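Have a look at the sequence and the 3D view first.

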Amino acid sequence: MNKNDSAYFIEFAEHGDERGNLVVVEGEKDVPFAIQRVFYIYGSDTDMVRGQHANRKSRFVLINVAGQSKVKVMDGLGNEAVFCLNRPRTGVYIPTMAWKEMYDFSPDAVLLCLASEHYDEGEYIRDFDEFENEVAALQKDSAR
Ligand code: TYD
């Protein structure tokens, strides 16, 4: 992945006791941004691929609070990483300008998504060629 801001696993602290498990995710503490938006995905068929977009502004942390799924993250420079999310206390951080695809959903999967920004369709890039072009343009700018 792009070495400046890569995708990575985050392990959350477990505050469980004999009553059961409890995982806390606080903005700017357990995830590296203030949480502006929460959404969750469930009921996706096993052969369904979701995501297939990059965000110019939003950063995300994805957590399979139930079941499992995989997340493929691509940096537009030829690097990609696949994260298997299969534990409620493990998340994956996704930086801006990363192409992401979520797939291999188990029937019981509930994928919780925490985002750094409110929803704005205008900051989504849904075309892979456009994504690669924008990444190339950003590379050019930063090399100046
Ligand atoms: P989409 O981004 O395609 O979902 P995914 O990334 O899981 O494949 O979003 C599906 C629909 O929901 C689309 O019409 C936009 C809408 N939506 C919102 O209104 N707000 C949101 O925060 C999100 C994530 C989606």
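This report covers the surroundings of the ligand and then a sheet.

The model is predicted, so to speak of local features a pLDDT of at least 70 is needed, side-chain atom pairs count only at pLDDT 80 or more, and totals for chains, interfaces and linings use all residues. Residues are numbered from 1 along each chain as its sequence is written, and side-chain values use heavy atoms, with hydrogens and water left out.

Which residues are around the ligand? They are Arg37, Phe39, Ile41, Arg50, Gly51, His53, Tyr119, Tyr124 and Arg126, where being near means having a heavy atom within 4 Å. This shell is made up of four nonpolar, two polar and three charged residues; here Ala, Val, Leu, Ile, Met, Phe, Trp, Tyr, Cys and Pro count as nonpolar, Asp, Glu, Lys and Arg as charged, and the others, Gly among them, as polar. Strand 2 (37–42) and strand 3 (50–55) each supply at least two residues of the shell; strands are DSSP runs (E, at least two residues), numbered from the N terminus.

| Protein atom | Distance to a ligand oxygen atom |
|---|---|
| Arginine 37, polar side-chain atom | 2.5 Å |
| Histidine 53, polar side-chain atom | 2.6 Å |
| Glycine 51, backbone N or O atom | 2.8 Å |

Strands pair if DSSP finds at least two bridges between them; strand 3 and strand 8 (residues 99–103) have three, in the antiparallel sense. Arginine 50 stands opposite methionine 102 in strand 8.

Technical notes:
Polar contact = N/O pair within 3.5 Å; in protein donor to acceptor, adjacent residues only side chain to side chain. Helix = DSSP H or I, 4+ residues; strand = E, 2+ residues; numbered from the N terminus.
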